[in-house]
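Work through the exercises below with the sequence and the 3D view side by side. Try each task before you read its solution.

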Amino acid sequence: MQVYIEAAFLENFLLDGAICYLALVCARLKISVWRLLLAGTAGAAVAIVFPLFTLPVWAAYLVKFACGAAVVLIAARGRPKQVAVAAALFFAFTFALGGLLTAVYSFCGVGYEAGTGYIVEQAPVGLVFGGAAAFAIAAAEGARFLYRYRKQQQNTLPCVVAVKDREVRWKGYADSGNNLFFRGNPVCVTSAVALLALFGREEMHEAGRMTVSTVNGGREAPVFTCDRMDIEAGGETFSRQNVYLTVGEVTGEYQLILNTALMEA
């Protein structure tokens, strides 16, 4: 069996560097190019040297985990908790990518001859890096989705909106982009259906009209006044009287887009 050290080194350098970069990005750590290159080099060197030693199974796994943690420590800069998260992600991504490539190899006839340990057919380099690139893109998009979902959940707050003797429980989204004001007071945004459910058709009396600017241009929208709005945040309930509401496009798990001024108060 022939082993091309330079090819094995380059392959492990790129894969370790890519997985380490992905782990740092998902852990939201600052990326240092030279530290990342050094980490990839260290990982590739270990991959070349490791097969030269004969170790018990338990010791081999211990060395592999220690070397993987060392690769992350070389590349990572941040708080210990973030570095620990990056290390956990590095191992998770390594195992996931290894499983993915093994499955791809099996479809391409790449494997090991039983009882010998020799490779039957060498995996194409394009297949290795193509699978790694697809995995990296999927993992990055998945991480972005989870962070967006987590942020939305953190910024979604229980609210009680009251008009006369009628109260409704809605979820309000604290959106930093809502800076609407009417007569010097903050305005929250809700849908026309929600306003109809809150006021009733007979009691929908406009307090005035205002211009709402969106990416599609400006439009005139009616403004209504609710008697009270209670917002639960941080284990406390904050109450505001005579809060203005206007009509807009509200989609998702919430029924209100809260004004930034209300949240600052």
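**Exercise 1. How many helices and how many strands are there in the protein chain?**

Solution. The protein chain has seven helices and eight strands. Helices (H or I, at least four residues) and strands (E, at least two) are DSSP runs, numbered from the N terminus.

A note before going on. This is a predicted model, in which local features need pLDDT of at least 70, side-chain atom pairs count only at pLDDT 80 or more, and totals for chains, interfaces and linings use all residues. Residues are numbered from 1 along each chain as its sequence is written, and side-chain values use heavy atoms, with hydrogens and water left out.

**Exercise 2. Describe the protein chain as a whole.**

Solution. Start with burial. Of the 265 residues, 35% are buried. Buried means under 20% relative accessible area, exposed over 50%, and partly exposed in between (1.4 Å probe, protein chains only).

Next, take the surface. The accessible surface is about 16200 Å², and carbon and sulfur atoms hold 61% of that. Areas come from the Shrake-Rupley method with a 1.4 Å probe; for residues, only the protein chains shown count as cover.

Last, take contacts (heavy atoms within 4.5 Å). Among contacts with a separation of 6 or more, 63% link residues 24 or more positions apart.

**Exercise 3. Find the strand partners of E2.**

Solution. Two strands pair if DSSP finds at least two bridges between them. Strand E2 covers residues 166-174, and eight bridges join it to strand E1 (residues 156-163). E1 and E2 run antiparallel. Thr156 stands opposite Tyr173 in E2.

Now look at the turn. E1 and E2 form a hairpin with two residues between them. Lys164, in that turn, has a positive phi of about 55°.

Then turn to strand E8 (residues 256-258). Three bridges join E8 to E2, and these two run parallel. Here Gly172 faces Leu256 in E8.

**Exercise 4. Which residue forms a salt bridge with Arg169?**

Solution. A salt bridge is a side-chain nitrogen of Lys or Arg within 4 Å of a carboxyl oxygen of Asp or Glu. The partner of Arg169 is Glu232, with the closest N and O atoms 3.9 Å apart. Arg169 lies in strand E2 and Glu232 in strand E6 (residues 217-233), so the pair ties together parts that are 63 residues apart in sequence. Arg169 is exposed, at 65% relative accessible area. Glu232 is partly exposed, at 33%.

**Exercise 5. How many salt bridges does a search of the whole structure find?**

Solution. The search finds five. One of them joins Arg209 to Glu206, with 3.3 Å between the closest N and O atoms. Arg209 is partly exposed at 46%, and Glu206 is partly exposed at 45%.

Another links the side chains of Arg228 and Asp230, 3.0 Å from N to O. Arg228 is partly exposed at 23% relative accessibility, while Asp230 is buried at 15%. Salt bridges that share partners join Glu167, Arg228 and Asp230 into one network.

**Exercise 6. Which residues make the nonpolar surface patch of about 470 Å²?**

Solution. The patch is made by Val49, Leu52, Phe53, Leu55 and Val63. Patches consist of residues with over 30% relative accessible area and no salt bridge; like charges are joined within 9 Å, nonpolar side chains (Val, Leu, Ile, Met, Phe, Trp, Tyr) within 5 Å.

Phe53 is exposed, with a relative accessible area of 55%.
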